[in-house]
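Q: I would like to learn how to read a few features of a protein model. Can we work through them one at a time?

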Amino acid sequence: MIRRAAVVKMVVVAAIAALIATLVAVLIDWLPDSASEEMDRITFVYWFATIICIGIFALVVAVIVEAVWAFRVQPDDDTDGPPIHGHTGLEVAWTVVPAILVIAIGVVSAVVLSKNADAGSNPLTIKVFAQQFAWRFDYAGGVQSDELVMPVHRSVRFEMDSPDVIHSLWIPEMGQKQDVVPGTVQKIVITPTRTGRFRLICTELCGLGHSTMRAPVRVLEQPAFDKWLEKQSSARGGSAGGGSAGGGGAQVGKKTFASAGCGGCHAFEPAGTDAEIGPSLDNLAADAEKAGKPLPDYIRESIVNPNAYVVPSYKSGVMPTTFGETLKPEELDGLVVFLSGKGAE
Ligand code: CUA
């Protein structure tokens, strides 16, 4: 029989354990400050499960401490323990209670998952294009951006695709995370609740440039967002007109350099990038000479068929071979102009 004193002792130990666990849960900022409705729900599930865990933890610690203390064996005691049959009531309790708790967590999670997948009746759809090692966001009306801009308090439905390997979209403050799988369209919903700047991170190891595969995120009030979208589409109309003429090519190239993520792997002074995964693009003229090709041909070949000639001390097969398909002809032309402008000096 458990004595009253033992029960009091266990309650005290449980209270101390619960207090310590609660302090660890509360005092450390485990989660970023929520910036979306989805993150609010995820945070709720987190605390729901955490509170249950703290209760179980306190109970287990109390039982362990009491058992070790009250039933410890003396050094000279070699006798067998008493033959006990068990305790039916206790066994039912430790089966039924955890079952109820796990089911409760499962139900709460399922409700949150289904609510978080619901974009409502009037979502804004943004197509996401994830490619080694850059993100591109396509808005209605043909607007393309390498920055993710969203209006606040409106559900945004992302439709995501990748031409090469699996990437994963994650904005920590927005909670939602979803793999982008080549050949399928993955969907995810985010409803921002506050304006500000955030960062989108690729969370699937996708190659050498994985750690650089990030994109800026901006959440704006609806009118500011409309203005931004307007500006983007008029800028697009302007560049489409002058895209092929003279300096326009280099402009298109500069934009493409950013949107295709070239700077994730390559240093190129005119673009202000300094990554070292692939060879520096500031030495293109010398590399073209070593490859025995005219500069523009060498640049074009290196983008479309990067393994044809690999700069010494760099490995073959690292650079994606999909740019020939994913870049538009004018983007490819623009890149050649932009890159040879510096290298030809
Ligand atoms: Cu894309 Cu990691």
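Q: Which residues are exposed on the other side of helix 6?

A: This is a predicted model. An α-helix makes one turn every 3.6 residues, so residues three or four places apart point the same way. In this model, Glu 289 and Lys 290 are the exposed residues on that other side of helix 6.

Q: Which residues of helix 6 are buried?

A: Helix 6 covers residues 284-291, and its Leu 284, Asp 287, Ala 288 and Ala 291 are buried. Around the axis they cover an arc of only 100 degrees, so they lie on the same side of helix 6. Just after helix 6 comes Gly 292, with a positive phi of about 75 degrees.

Q: In what order do the five strands of the open sheet stand?

A: Strands of a sheet pair through backbone hydrogen bonds, either parallel or antiparallel. Here the order is 3-2-1-5-8, and the pairing is mixed. Strand 3 (144-145) and strand 8 (186-190) are at the edges; each has a single partner strand, so one side of each lacks a neighbour in the sheet.

Q: In which sense do strand 2 and strand 3 pair?

A: Strand 2 (residues 134-138) pairs with strand 3 in the antiparallel sense, over two bridges. Gln 144 in strand 3 is the bridge partner of Asp 138.

Q: Where does Trp 30 lie?

A: Trp 30 is in the loop between helix 1 (4-27) and helix 2 (37-70). Its neighbours within four places in sequence aside, Trp 30 is in contact with Val 24, Ala 25 and Tyr 46. The Trp 30 side chain reaches the backbone oxygen of Val 24 at 3.0 Å.

Notes: Residues numbered from 1 in each chain as written. Predicted model: local features only at pLDDT ≥ 70, side-chain atom pairs only at ≥ 80, totals over all residues. Heavy atoms only, no water. Buried < 20%, exposed > 50% of the residue type's maximum accessible area, 1.4 Å probe, protein only. Helix = DSSP H or I, 4+ residues; strand = E, 2+ residues; numbered from the N terminus. Arc of directions from axis to C-beta. Contact = heavy atoms within 4.5 Å. Polar contact = N/O pair within 3.5 Å; in protein donor to acceptor, adjacent residues only side chain to side chain. Pairing = 2+ DSSP bridges.
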